[in-house]
Amino acid sequence: MVQEAVNDQGALRTLRARAFSIASKPATLFISVIRDRLLPQGNEEQLTRRQRSTSEPGPSAIDRASISRLNRRRLRFSLPFFGNDGDDHEALQRPPLQRGEGNYGSLTSLEVESLSTGRTLGNNRLRAILDGIGLPSTSPSCFAGLDGCQALNIDIVVMGGYRGSILRSATDGRMLWVPIKVGMGWRKVELELPLNEAAEQYATDHIIPGGMLAHIGPIDIARRLLRRLRQQEELGHCRVHEFGYDWRLSGHHLSEQLERFLDSLSGRRKLVIAHSLGGLIALHAMNRRPDLFDGVLFAGTPFDGCPNILGPFRYGDDVLLNKDILNARANFTMRSSFLLLPAHQRCFVDSNTGKELPVDLFDEASWITYHLSPEVSRTHHDHGEAFDVEGQLASGGIGPGLDGHGPHQHEHISETTMKDNLAYLARILRATKRYKRECDFRDDVKYPPIAILRSASTPTVRGCRVGGRDGIRNGDYHHFITTPGDGVVAYKSADLRNMTPLTAGMCNERFPILHDQITERGHIGLLGDLSAVEECLRVLIANQS
């Protein structure tokens with residue numbers, strides 16, 4: 001783990017040399033590409049580390065001087081090498097609100113955070129690289145406390161998040177998600193799902209899941225965690241399993257798969273470590289079959305949604321140099337993408353009035369009215385794509401491209417295709433809303449010990465300031481409103497008790513959280529904080545009956 005600030009090019013060159021020394025040839029190519037894209041010549045961004053805090057952080061918990069690069073980026077939900085980080089942009093101007101300075105009594109928390117000026121976001125991909133570069137651990141005794149598992153006969157199951165499992169071809173076993181050749185555009189991979197209801201049932205005819213995506217080149221996601229756990233497994237202290245799944249499928253489908261997997265581990269206690277989207281799957285399965293869980297660690301789970309997903313729905317994501325594998329159509333066909341939609345209707349603030357603009361993202365009429373996806377938009381109001389310093393897709397929707405490109409044009413969609421798209425959208429929104437409702441707290445469930453692992457050290461997108469409702473229609477997603485979080489999931493959203501209830505009269509604050517662990521890591525590296533994970537496991541194991 002990198003403990004000190006990296007503040008000059010010399011240190012960055014030293015770090016790059018370290019990466020080359022530990023990487024294979026494909027990983028070396030990977031590092032070269034992403035470093036060149038993320039660190040243009042002359043960039044001397046300073047990265048800071050903060051001590052853990054057990055107090056509830058507010059917006060002041062972030063060092064404002066260390067925050068840079070936000071306004072030229074578009075919303076996205078991505079692993080560290082997807083999309084682009086834009087260059088610095090001029091500070092946002094405070095909206096002309098007619099109220100006294102500091103008089104926020106009539107404002108919502110989103111409206112208050114939208115008042116902050118000049119708040120931009122640091123390069124989270126660089127941070128993920130630095131966090132996961134593979135430097136020697138400073139805690140050689142991590143997980144030594146798991147010797148207590150032996151008497152308890154415990155299985156530990158680790159599952160990744162959105163795009164966090166390996167996908168392979170069902171015909172020849174080749175890796176489809178995500179080898180470097182795919183990211184470089186040297187191999188074409190098709191990840192779209194058919195829109196018909198039977199598509200999920202037959203998905204394994206074409207693509208099968210492998211294990212957890214534990215690392216991307218030298219970038220660690222859970223590789224060191226799994227290595228340490230398996231060392232304890234070799235000592236007979238526990239058994240370790242990876243639950244890989246096809247993260248394109250719906251929540252109901254994946255929840256049933258997890259239930260079957262846990263049911264196959266009969267006769268043993270089961271502790272589940274679930275990262276990001278994996279936590280939403282585990283929560284649903286736990287509500288249905290609490291008898292299959294003896295403890296759960298939720299790490300960076302977006303219980304209250306993640307507004308970043310609106311970007312991929314409208315503009316798609318690029319993977320290194322590949323702009324097709326996760327285009328807008330692909331994201332639209334992936335059922336799991338809809339699980340990340342916030343249910344609270346509070347993603348936009350009018351930059352002219354400072355007031356919230358509620359949008360129900362689970363109403364298909366909103367998707368049509370605001371053109372949230374080109375797949376259901378009959379008329380396209382996109383202003384085009386603003387290009388960052390690398391000349392690649394950067395924000396989407398702030399006028400003609402800065403290099404002279406005009407408005408972004410979508411392919412014409414036939415009436416038959418549009419009818420199918422709209423029918424699919426209505427069906428998947430209903431199913432996803434039902435899934436979220438089934439995740440609410442239940443009085444009749446005896447919940448196992450629960451721990452959450454989250455971060456408040458990185459500015460995280462909570463919403464956008466837009467030019468009225470026309471700004472939403474035009475895809476004007478570039479004036480971000482930030483809040484403390486891990487760079488992808490907001491600190492408050494990662495708390496199960498803050499999940500917006502969809503069941504009438506239900507209060508999710510009643511979820512029994514046994515342990516709330518804070519880390520300074522970013523989203524992609526949460527499970528790389530071995531000390532934090534070990535502390536959560538220690539508490540869960542100690543509370544086994």
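Q: What is the mean pLDDT of the chain in this predicted model?
A: The structure is a predicted model. Of the residues in the chain, 67% reach a pLDDT of 70 or more. The mean pLDDT of the chain is 77.

Q: How many contacts beyond near neighbours in sequence does the stretch of residues 381-409 have in the model?
A: Where pLDDT is low, the predicted coordinates should not be read in detail. The pLDDT is below 50 over residues 15-31, a stretch with 32 contacts beyond near neighbours in sequence. Over residues 381-409 the pLDDT is also below 50, and the contacts of this stretch beyond near neighbours in sequence number 85.

Q: What span does helix α8 reach from its first C-alpha to its last?
A: Helix α8 covers residues 251-264, which gives 14 residues. At 1.5 Å a residue, the expected span is 20 Å. The span in the model is close to that expectation, at 20 Å.

Q: Which elements are included in what covers the buried residues of α8?
A: The buried residues of α8 include Leu254, Leu258 and Leu262. Residues three or four places apart in an α-helix point the same way, because there are 3.6 residues a turn. The cover over the buried residues of α8 includes β1 (154-159), β8 (269-275), α9 (277-288) and α13 (415-437).

Terms used: Residues are numbered from 1 along each chain as its sequence is written. This is a predicted model: local features need pLDDT of at least 70, side-chain atom pairs count only at pLDDT 80 or more; totals for chains, interfaces and linings use all residues. Side-chain values use heavy atoms; hydrogens and water are left out. pLDDT is the predictor's confidence in each residue, from 0 to 100. Contact means heavy atoms within 4.5 Å. Helices (H or I, at least four residues) and strands (E, at least two) are DSSP runs, numbered from the N terminus. The expected span of a helix is 1.5 Å times one less than its number of residues. Buried means under 20% relative accessible area, exposed over 50%, partly exposed in between (1.4 Å probe, protein chains only).
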